[in-house]
Amino acid sequence: MIEFTFWDILRNLIFATRWTVLLSIVAFVGGAAVGLAILAARIAERPWLRRFGSGYIALFQGTPLLMQLFLMFFGLPMLGFRIEPWTAAALGLTLYASAYLAEIWRGGVEALPRGQWDAGASLGLHRFQELRLVILPQAFAITRPAAVGFLVQLIKSTALTSIIGFEELLRTANAINNATFEPFTVYGLVAVIFFVLCYPLTQYARMLERKTPAH
Amino acid sequence: MGYGLSFGWLKDAAGAIAHGAATTVFLIACTTVLGVLISILFAAGRRSRYGVLRQAVAVYVEVIRNTPFLVQLFFIFFGLPSLGIRLDPIVAAILAMTLNMAAYTTEIVGAGLDAVPKGQSEAAYALGLKPRQVFVKIILPQALKVIFPALTSQVIIMMLESAVVSQIAVRELAHEADLLQARTFRSFETYFVVTLIYLGLSMAMRRLFVAGGRQVLGAGVS
């Protein structure tokens with residue numbers, strides 16, 4: 001029988017937090033990359049591309065993340081991929097994040113006055129150059145508070161990957177709880193750790209919101 | 001080696017899936033009613049003249065909004081019994097969902113209350129209405145109209161997040177899916193069908209809220 005002191009519990013939980021942080025970063029960066037592609041489709045000139053973009057966003061925003069993770073976990077092996085909890089978690093959260101980020105940025109693009117596109121065109125820029133040099137930098141700037149706010153949501157969402165077996169903070173907590181039978185302490189500490197991760201970002205988002213001029 | 005999709009199990013599973021969906025609807029219905037009532041109280045508390053009350057609501061909102069729902073659920077269901085508070089899974093689920101949603105809707109309701117011009121309550125007082133009448137009959141209906149779209153979105157988000165309460169064995173839609181796939185070994189197909197049902201539920205709820213909002217709060221609600 002191994003005895004767990006309070007400090008053992010805390011140390012183990014803090015150790016497991018790096019996986020939560022790593023998964024959040026991977027999903028946010030991956031989600032930003034995929035989200036850019038979805039955004040490009042969503043604001044494309046061809047109607048079928050637009051429909052694909054809005055369908056993709058509606059699908060991921062209209063279904064539970066837990067179900068998306070399960071589909072990823074059970075569906076990818078059927079396509080012949082050898083899948084582990086880490087891959088399913090990272091891929092599932094990446095796609096989830098891409099839909100939300102694309103929608104946030106679309107809001108930014110549509111908030112810009114039409115004249116920005118016209119000005120780009122009058123300088124002889126192609127559509128791709130217009131996007132890259134004129135539209136997207138401004139859209140990113142005015143949606144930064146929302147994007148940071150979504151990062152908080154994403155960090156909290158990583159807790160769901162414990163259900164498909166990824167060894168992050170909450171799954172480690174479950175294991176410790178099974179050994180110590182101190183759910184109050186263990187889940188209380190998990191809540192504190194998540195709070196310490198998320199609260200500064202929430203405050204940062206709020207600060208950005210105050211600074212960003214309203215459009 | 002190929003893998004063929006098979007939906008033959010679906011005929012026998014329809015009853016269980018329908019029951020699960022009904023439980024999910026029940027959970028979110030309770031949460032919506034309780035959550036909105038609590039957030040009206042908390043939004044009023046956030047604007048009260050007692051500093052302690054204002055602080056308490058602010059702390060509650062920050063704690064809930066910066067921790068995962070699943071952790072809150074585990075804390076309530078597994079953690080509280082060590083304080084002597086033992087809850088039925090379904091009660092724990094409704095409690096966790098209500099507390100979670102109210103943290104978000106408190107801010108929304110508060111924004112709605114602030115959006116009603118001060119002249120409205122002044123006019124009502126001038127007509128001789130009592131403070132409670134002014135709040136219930138004048139301020140609240142106008143505030144609800146402003147915040148209705150945001151409230152609708154928050155309820156749908158909570159409905160989708162309620163899939164998580166399957167983890168404490170509440171027999172809602174996601175939990176029925178867990179049980180079914182363990183019996184049929186058709187994991188992907190089961191979760192695929194259930195995901196589509198969630199999608200249908202969220203679209204139906206949005207329509208229902210828009211139509212209901214027009215009925216109750218009058219035109220101009222989108």
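I counted a residue as buried if 20 or more other C-beta atoms lie within 10 Å of its own, as exposed if 12 or fewer do, and as partly exposed in between, with C-beta atoms placed from the backbone. Helices (H or I, at least four residues) and strands (E, at least two) were taken as DSSP runs, numbered from the N terminus.

The model is predicted: local features need pLDDT of at least 70, side-chain atom pairs count only at pLDDT 80 or more, and totals for chains, interfaces and linings use all residues. Residues are numbered from 1 along each chain as its sequence is written, while chains are lettered from A and ligands numbered from 1 in the order in which they are written.

**Entry 1: helix 8 of chain A**

I looked up burial in this helix and found Leu169(A), Leu170(A), Arg171(A), Thr172(A), Ala173(A), Ile176(A) and Asn177(A) to be buried. The buried residues pack against helix 1 (6–42) and helix 9 of chain A, together with helix 3 (69–79) of chain B; here, contact requires C-beta atoms, placed from the backbone, within 7 Å. I then checked the span, whose expected value is 1.5 Å times one less than the number of residues. The 12 residues of helix 8 of chain A should span 16 Å, and the end C-alpha atoms are 16 Å apart, which agrees. After this helix comes Phe181(A), with a positive phi near 55 degrees.

**Entry 2: the contact between the chains**

I noted 28 residues from chain A and 31 residues from chain B in the contact. On the side of chain A that touches chain B, two or more residues come from each of helix 3 (65–75), helix 7 (144–157), helix 8 (169–180) and helix 9 (183–211) of chain A. Helix 9 of chain A gives the most, with 11 residues. I divided that side of chain A into 21 nonpolar, six polar and one charged. The classes are Ala, Val, Leu, Ile, Met, Phe, Trp, Tyr, Cys and Pro as nonpolar, Asp, Glu, Lys and Arg as charged, and the others, Gly among them, as polar.

**Entry 3: the nonpolar core**

I defined a nonpolar core as a set of buried Ala, Val, Leu, Ile, Met, Phe, Trp, Tyr and Cys residues joined through C-beta atoms within 7 Å. The largest has 111 residues, and those with the most contacts inside it are Leu66(A), Leu69(A), Val190(A) and Val71(B). Helix 4 (residues 85–111) of chain A gives the most to this core, with 15 residues. I found 21 of the 27 residues of helix 4 of chain A buried, so this helix is largely enclosed by the rest of the structure. Leaving out residues up to four places away in sequence, Leu66(A) touches Leu160(A), Ile163(A), Ala163(B), Val164(B) and Ala174(B).

**Entry 4: chain B**

I recorded eight helices and zero strands in chain B. Of its 222 residues, 39% count as buried. The C-alpha trace of chain B spans about 80 × 45 × 25 Å along its principal axes. Helix 8 (residues 187–217) of chain B reaches 44 Å from its first C-alpha to its last, close to the 45 Å expected for 31 residues. Its buried residues include Tyr191(B), Val194(B), Tyr198(B) and Leu201(B). What covers the buried residues of helix 8 of chain B includes helix 3 of chain A. Just after helix 8 of chain B, Gly218(B) takes a positive phi of about 90 degrees.

Key:
Contact = placed C-beta atoms within 7 Å.
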